[in-house]
Amino acid sequence: WANCGPVGKGLCNSGCWVPPQPVEATDDAFWDQFWADTATSVQDVFALVPAAEIRAVREESPSNLATLCYKAVEKLVQGAESGCHSEKEKQIVLNCSRLLTRVLPYIFEDPDWRGFFWSTVPGAGRGGGEDDDENARPLAESLLLAIADLLFCPDFTVQSHRRSTVDSAEDVHSLDSCEYIWEAGVGFAHSPQPNYVHDMNRMELLKLLLTCFSEAMYLPPAPDSGSTNPWVQFFCSTENRHALPLFTSLLNTVCAYDPVGYGIPYNHLLFSDYREPLVEEAAQVLIVTLDHDSATSASPTVDGTTTGTAMDDADPPAPENLFVNYLSRIHREEDFQFILKGIARLLSNPLLQTYLPNSTKKIQFHQELLVLFWKLCDFNKRGDPPMPRAAARVGLMHIGVFILLLLSGERNFGVRLNKPYSVRVPMDIPVFTGTHADLLIVVFHKIITSGHQRLQPLFDCLLTIVVNVSPYLKSLSMVAANKLLHLLEAFSTTWFLFSAAQNHHLVFFLLEVFNNIIQYQFDGNSNLVYAIIRKRSVFHQLANLPTDPPAIHKALQRRRRTPEPLSRTGSQEGASMEGSRPAAPAEPGTLKTSLVATPGIDKLTEKSQVSEDGTLRSLEPASQQSSADGSPAVEEPSQVWREQRRPSNSSASGQWSPTSEWVLSWKSKLPLQTIMRLLQVLVPQVEKICIDKGLTDESEILRFLQHGTLVGLLPVPHPILIRKYQANSGTAMWFRTYMWGVIYLRNVDPPVWYDTDVKLFEIQRV
């Protein structure tokens with residue numbers, strides 16, 4: 001064994017890296033060869049310590065694996081205590097970090113080993129003395145505190161404040177890490193000089209920290225368990241004296257990063273960007289530390305109401321997770337501007353268009369950024385964040401929709417959608433001139449008509465977003481108006497309405513959109529009014545929907561002969577934006593991770609009614625709220641695209657089937673009164689003016705509608721109903737699964753978790 005130092009010098013002839021016979025923890029000569037002999041890279045460690053060998057040691061020589069982990073943690077603790085002044089100490093710390101990064105996933109994948117790091121080690125008491133074993137720290141706590149200390153170690157991970165080499169080294173125990181924050185930004189004005197070595201050392205330690213947190217990957221998804229990650233829980237507690245400076249260091253490092261730099265074309269091909277790997281690692285650690293189920297800790301207000309303002313008058317109880325607490329309490333305008341400008345700059349980076357192809361560096365960690373943006377929106381109610389744009393991938397689509405659903409509950413968001421849309425990002429959507437609201441509707445129409453089965457659970461979320469913002473939309477373009485009518489036309493076909501137990505909810509959502517705009521934004525929405533008049537037959541067909549069994553059977557038979565109603569034909573698609581192209585399919589052999597089911601809209605939202613003073617009042621779930629027609633509103637869909645099996649509507653085979661009673665139960669509640677009254681008043685007027693003046697040009701009809709009025713002719717305006725996002729365990733679990741899936745796939749050099757027995761999601765090969 002003296003000649004085969006397992007990591008530093010290569011494998012021994014037998015192919016083992018730890019002997020089968022037990023080795024005493026006091027045998028420093030043996031254990032030191034793992035980290036003390038030579039410098040290795042993390043890639044070397046992964047190559048020299050194969051997965052099969054780690055598992056073999058775990059099964060056949062468990063005491064040696066336990067000692068290896070303990071000794072490696074001990075070396076990290078010693079390095080943190082001493083301050084890593086010598087190069088040898090620094091090298092030992094890095095080698096131990098790499099070895100633990102390699103071994104930890106194989107500890108986590110075995111249920112019998114999972115509690116090992118939370119056991120105590122003799123002589124490792126909180127007081128540091130051998131007589132202090134009763135208060136001994138678990139190995140995990142010692143490891144996490146050592147990592148935290150090492151992330152603020154002068155001349156190792158941060159710039160020393162010594163004026164000269166003659167000055168004594170800073171005492172790590174009295175060091176105020178708030179003076180050593182890595183980057184200027186939130187809570188810190190000074191921007192330290194860039195240092196490649198410090199960035200690399202930080203990255204190694206953050207990778208180990210992320211690996212510690214990854215125990216969550218090896219537990220199956222359980223949305224109702226409310227379990228917390230003990231590693232994250234301890235690291236983000238008051239036990240970690242570096243919690244605040246580390247939070248701000250991670251946040252500022254991400255938000256201050258500018259991949260374009262001075263804008264020199266092809267600069268990323270001429271110079272290596274050592275900052276980006278650190279920024280990626282910082283973003284991943286940050287979103288994992290913010291993985292907190294706020295649904296389990298939310299406290300309702302005394303009277304059960306919620307205000308419509310961006311900031312509550314009284315702060316809720318602070319969460320125990322300090323990182324969540326810090327994020328929720330950011331309130332200075334300049335801090336918000338720094339964070340939002342940074343996130344917006346990085347999110348828009350993949351969308352940048354230049355005259356020289358591939359001349360601008362494109363970042364790859366936009367998924368992590370969207371999760372971070374979600375956390376900011378979810379935990380901090382003081383800001384008024386901008387609308388993000390999401391790329392066309394299923395996971396990203398879900399995150400983008402969740403973010404928009406959360407924002408749509410705020411009145412200011414709906415109002416700001418009226419701003420003109422002038423940023424011309426090439427997208428595979430029709431060319432239009434209009435507002436951000438038009439963009440929202442056109443993109444949603446594209447998603448719904450794309451035909452992707454995995455996007456269908458999002459349809460009720462998409463339409464809920466449009467419902468929430470509809471009372472504030474001042475002027476829809478003709479393109480957007482036609483898209484909404486096309487969706488109604490598709491969802492109103494009899495076979496679609498009768499083919500699943502909850503498809504009719506989509507029609508209710510769209511009718512609610514039209515009612516809101518007609519009642520509250522009639523002036524300025526002549527395009528939508530004109531589109532409604534043109535497609536008036538759709539509303540008449542809904543009003544006269546057949547309910548007798550033969551008609552229902554005939555409609556379902558027609559389903560087999562007709563194409564899908566959501567094809568893009570007949571939607572007046574028009575030419576796509578210049579430079580756009582459809583999303584390319586994934587390369588064969590690409591790995592992807594599974595996602596848990598999307599929570600239903602009833603779990604995602606709670607109903608709130610807008611009061612006259614603009615505040616939102618929560619509605620009791622049991623109370624029967626009235627629709628625009630004064631009839632009880634239809635119950636919320638729990639999952640639009642899952643056929644519910646109800647005994648009264650079941651066939652002999654147990655499959656759900658529509659009945660006359662079922663159709664009548666919701667047909668009578670269709671909120672058609674406002675639209676029918678509009679048609680009753682305007683259609684004769686439009687027909688008369690067309691005959692009298694011989695009009696054939698729609699611009700003349702639009703001009704007439706622009707000057708029309710329905711004051712006093714419509715039913716009394718209904719209260720505005722907002723379905724406001726509410727924190728829930730289902731969404732928390734969805735984000736946890738998505739987040740760890742992204743981290744699993746992004747960490748390929750080295751492949752930290754590849755080929756380990758993860759339980760949180762499934763690994764699929766395209």
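Modeller: Happy to! Let's start with Glu 512, which sits in helix H21, the element that spans residues 504–520. One thing to keep in mind as we go is that this is a predicted model. Is Glu 512 buried or exposed? Its relative accessible area is 16%, and buried means under 20%, so Glu 512 counts as buried.

Now let's step back to the whole protein. Of its 766 residues, 54% are buried, and Glu 512 is one of the buried residues. The chain is built with 29 helices and 7 strands. If you take the contacts between residues at least 6 apart in sequence, 79% of them join residues at least 24 apart.

Take helix H27 (residues 673–693) and helix H28 (residues 698–706): they pack at an angle of about 135°, and their axes are 11 Å apart. Angles from 65 to 115 count as roughly perpendicular and those over 145 as roughly antiparallel, so H27 and H28 are oblique to each other. The crossing of H27 past H28 is right-handed. On the H27 side, the contact is made by Leu 682, Gln 685, Val 686, Ile 689 and Cys 690, while H28 brings Ile 701, Phe 704 and Leu 705. Sorted by class, the residues of this contact are 7 nonpolar and 1 polar, with no charged ones.

Helix H11 (residues 275–289) packs with helix H14 (residues 366–379) at an angle of about 35°, and here the axes are 9 Å apart. H11 passes H14 in a left-handed crossing. Which residues meet here? From H11 come Ala 283, Gln 284, Leu 286 and Ile 287, and from H14 come Glu 368, Val 371, Leu 372 and Lys 375. This contact divides into 5 nonpolar, 1 polar and 2 charged residues.

Note on methods: Residues are numbered from 1 along each chain as its sequence is written. This is a predicted model: local features need pLDDT of at least 70, side-chain atom pairs count only at pLDDT 80 or more; totals for chains, interfaces and linings use all residues. Side-chain values use heavy atoms; hydrogens and water are left out. Helices (H or I, at least four residues) and strands (E, at least two) are DSSP runs, numbered from the N terminus. Buried means under 20% relative accessible area, exposed over 50%, partly exposed in between (1.4 Å probe, protein chains only). Contact means heavy atoms within 4.5 Å. Axes are lines fitted to C-alpha atoms, for helices over the stretch in contact, and angles run from 0 to 180 degrees between N-to-C directions. Angles under 35 degrees count as roughly parallel, over 145 as roughly antiparallel, 65 to 115 as roughly perpendicular and the rest as oblique. A crossing is left-handed if the near helix is turned anticlockwise from the far one by less than a right angle, and right-handed if clockwise. Ala, Val, Leu, Ile, Met, Phe, Trp, Tyr, Cys and Pro count as nonpolar, Asp, Glu, Lys and Arg as charged, and the others, Gly among them, as polar.
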